[in-house]
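Please open the structure in the viewer and keep the selection panel at hand.

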Amino acid sequence: MATLHSESVSFTDLSRNPKAVAARAAALGCLRVTHRDAPDMVLTTAIQAERTEENLTTASRLFLALMKQDDGAKSLLLALPEVFPWVRHLDGEEVRAFTVELLEALSDAAELGAREAVHRAIVSWRATARINADPDQLRSARMPLGDADLGPVEAHE
């Protein structure tokens, strides 16, 4: 979706000339609105948003259906390294677990609007692959913690 947002306007442009910005967004399909003090937004038409939702739902259902067939599951597992090259650092069981988690997350995003689940699955498994790729980190991660209280843990993305 990043390529769809190659054009942008500032929030100030939007507030000063909303009709022109809306027309530009409609002509392009979507338009990034940058804001100095807040996250960027995307301005799009309702039909464009609905098509995006429909595409996600269709792809999600197709992948889930493929996973239910032996040949489909094998094909998805074989294709995974092309999409996520870092899976080469996961063992076979981890690759299967990642695939199932990713497809379930895609389904949740499509059917429930839980979009963060896909990002979380990818980021989590990529972190696992990163640790697996570094023998020192892997050795450290596998060491027992014992009774040490390491304090609160903060999650960073």
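Two strands are taken to pair if DSSP finds at least two bridges between them. Helices (H or I, at least four residues) and strands (E, at least two) are DSSP runs, numbered from the N terminus. The model is a predicted one, in which local features need pLDDT of at least 70 and side-chain atom pairs count only at pLDDT 80 or more, whereas totals for chains, interfaces and linings use all residues. Residues are numbered from 1 along each chain as its sequence is written, and side-chain values use heavy atoms, with hydrogens and water left out.

**The sheet**

Select the three strands to begin. They form an open sheet in the order β1-β2-β3, with mixed pairing. The edge strands, each pairing on one side only, are β1 (8–10) and β3. On average, and ignoring direction, neighbouring strands of this sheet are turned by 35° against each other. Here and below, axes are lines fitted to C-alpha atoms, for helices over the stretch in contact, and angles run from 0 to 180 degrees between N-to-C directions.

Contact means heavy atoms within 4.5 Å.

Ser-10 has Thr-34 in β2 as its bridge partner.

Move on to strand β2 (residues 30–34) and strand β3 (residues 41–44), an antiparallel pair joined by four bridges. Cys-30 stands opposite Thr-44 in β3, and Arg-32 stands opposite Val-42 in β3. A hairpin of six residues leads from β2 to β3.

**Helices α3 and α4**

Select helix α3 (residues 46–67) together with α4. Their axes come within 6 Å and cross at roughly 115°. Show the side chains of Phe-63, Leu-66 and Met-67 in α3 and of Gly-72, Ala-73 and Leu-76 in α4, which make the contact. These residues divide into five nonpolar, one polar and no charged. In this classification Ala, Val, Leu, Ile, Met, Phe, Trp, Tyr, Cys and Pro count as nonpolar, Asp, Glu, Lys and Arg as charged, and the others, Gly among them, as polar.

**Helices α4 and α5**

Leu-76, Leu-77 and Leu-80 in α4 meet Val-95, Arg-96, Phe-98, Thr-99 and Leu-103 in α5. By class, this contact has six nonpolar, one polar and one charged residues.

Which aromatic ring pairs with that of Phe-98? Select Phe-84: the two rings lie edge-to-face, 5.3 Å centre to centre, with 80° between the planes. Rings of Phe, Tyr and Trp (its six-membered ring) pair if their centres lie within 6.5 Å, and planes over 60 degrees apart count as edge-to-face. Phe-84 is in the loop between α4 (70–83) and α5, and Phe-98 is in helix α5, 14 residues apart.

**Helices α5 and α6**

Finally, select helix α5 (residues 92–112) and helix α6 (residues 116–133), whose axes come within 8 Å and cross at roughly 165°. That makes α5 roughly antiparallel to α6. Among the residues of this contact are Phe-98, Leu-102 and Leu-106 of α5 and Val-118, Ile-122 and Trp-125 of α6. The residues of the contact divide into 11 nonpolar, two polar and two charged.

Notes: Parallel < 35°, antiparallel > 145°, perpendicular 65-115°, else oblique. Phe/Tyr/Trp six-rings, centres within 6.5 Å; stacked < 30°, edge-to-face > 60°.
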